[in-house]
Amino acid sequence: DAGTYELVEEKPDGGLTVRLHGKRLDGTWTLVPAALDGNEKNWLLLRKRDDDGPAGLRNDYRPMLATLAEQLPAGDERLFEVKWDGYRALGYVRGGDAKLVSRNGNDLTGRFPDVARALAQTVRSPDCVVDGEVCALDEKGRPSFSAMQQGKRDTPIVYAVFDVLEIDGAPVLDLPLKERRERLEQLLDLRGGKTVQLSAAFDDGQALLDAATEQGLEGVMAK
């Protein structure tokens with residue numbers, strides 16, 4: 001290809017955003033560190049949506065809320081997950097940049113900047129929305145809201161992702177849970193770090209509940 005380019009932004013981590021004017025490539029692109037296998041030489045080149053580009057991307061998703069129950073619901077079609085104890089957060093990725101939004105619509109990106117950066121590097125789509133929980137882990141690797149409140153510098157912070165709402169700018173809310181789960185697994189590239197995690201799902205709810213109780217966790221989620 002041949003043409004010209006404009007430097008739009010240069011980030012402290014070496015990332016670049018440029019606007020290309022070529023015969024084949026025309027638009028805004030961002031180069032971000034990926035470190036998919038821990039190698040700092042790995043980078044991702046992502047197409048960004050220009051300000052006057054395609055409209056219609058939603059920024060008003062709301063997390064699905066659970067109903068408290070004393071017993072596990074019946075049904076063979078359910079999936080069960082550990083109840084994460086942290087901050088519920090929707091992860092919006094727009095043009096390769098990530099933002100975290102709480103269940104009440106508050107911006108959590110400034111509070112958890114490392115999580116936002118890790119999410120942008122983990123997803124395989126420049127425009128997507130995932131649902132999860134930002135958690136602090138205690139010395140045994142368990143989610144602990146108390147550890148989050150203490151805010152010790154060496155406390156591991158993770159983003160446990162358990163659902164996907166949008167992929168490549170297209171909502172997937174109407175898809176069945178298990179199909180969304182499959183697409184979520186395809187969306188996340190978890191080889192590069194430990195900050196973003198896929199919340200494990202199980203078919204045996206009672207066995208998971210027994211294990212969660214034994215480890216002192218909050219409980220389980222049935223979906």
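Figure 1. The mean positions of the 30 positive and 39 negative charges of the protein chain are 2 Å apart. Here Lys and Arg count as positive and Asp and Glu as negative, while His and the chain ends are not counted; each charge is placed at NZ of Lys, CZ of Arg, CG of Asp or CD of Glu. This is a predicted model, in which local features need pLDDT of at least 70 and side-chain atom pairs count only at pLDDT 80 or more, whereas totals for chains, interfaces and linings use all residues. Residues are numbered from 1 along each chain as its sequence is written, and side-chain values use heavy atoms, with hydrogens and water left out.

**Figure 2. The fold that carries the pairs.** The protein chain has four helices and twelve strands; these are DSSP runs numbered from the N terminus, helices being H or I of at least four residues and strands E of at least two. Of its 223 residues, 39% count as buried, meaning under 20% relative accessible area with a 1.4 Å probe and protein chains only. Side chains of opposite charge can pair when their charged atoms come close. A search of the whole structure finds 13 salt bridges, each a side-chain nitrogen of Lys or Arg within 4 Å of a carboxyl oxygen of Asp or Glu.

**Figure 3. Arg-181 meets Glu-81.** These two side chains form a salt bridge at 3.8 Å, N to O. Arg-181 belongs to helix H3 (residues 177-187) and Glu-81 to strand S5 (residues 80-82), so the pair ties together parts that are 100 residues apart in sequence. Both Arg-181 and Glu-81 are buried. Look around them for the rest of the group: Glu-81, Arg-181, Glu-185 and Lys-223 are linked in a network of salt bridges.

**Figure 4. Arg-88 pairs with Asp-131.** In this salt bridge the closest N and O atoms are 2.8 Å apart. Arg-88 sits in strand S6 (residues 87-94) and Asp-131 in strand S8 (residues 127-136), so the bridge links distant parts of the chain, 43 residues apart. Arg-88 is buried, with a relative accessible area of 17%, and Asp-131 is buried too, at 3%.

**Figure 5. Arg-124 and Asp-189 join two loops.** Their side chains meet in a salt bridge of 3.5 Å, N to O. Arg-124 is in the loop between helix H1 (113-122) and S8, and Asp-189 is in the loop between H3 and strand S11 (196-198), so parts 65 residues apart in sequence are tied together. Asp-189 is buried, with a relative accessible area of 7%.

Methods. Buried means under 20% relative accessible area, exposed over 50%, partly exposed in between (1.4 Å probe, protein chains only).
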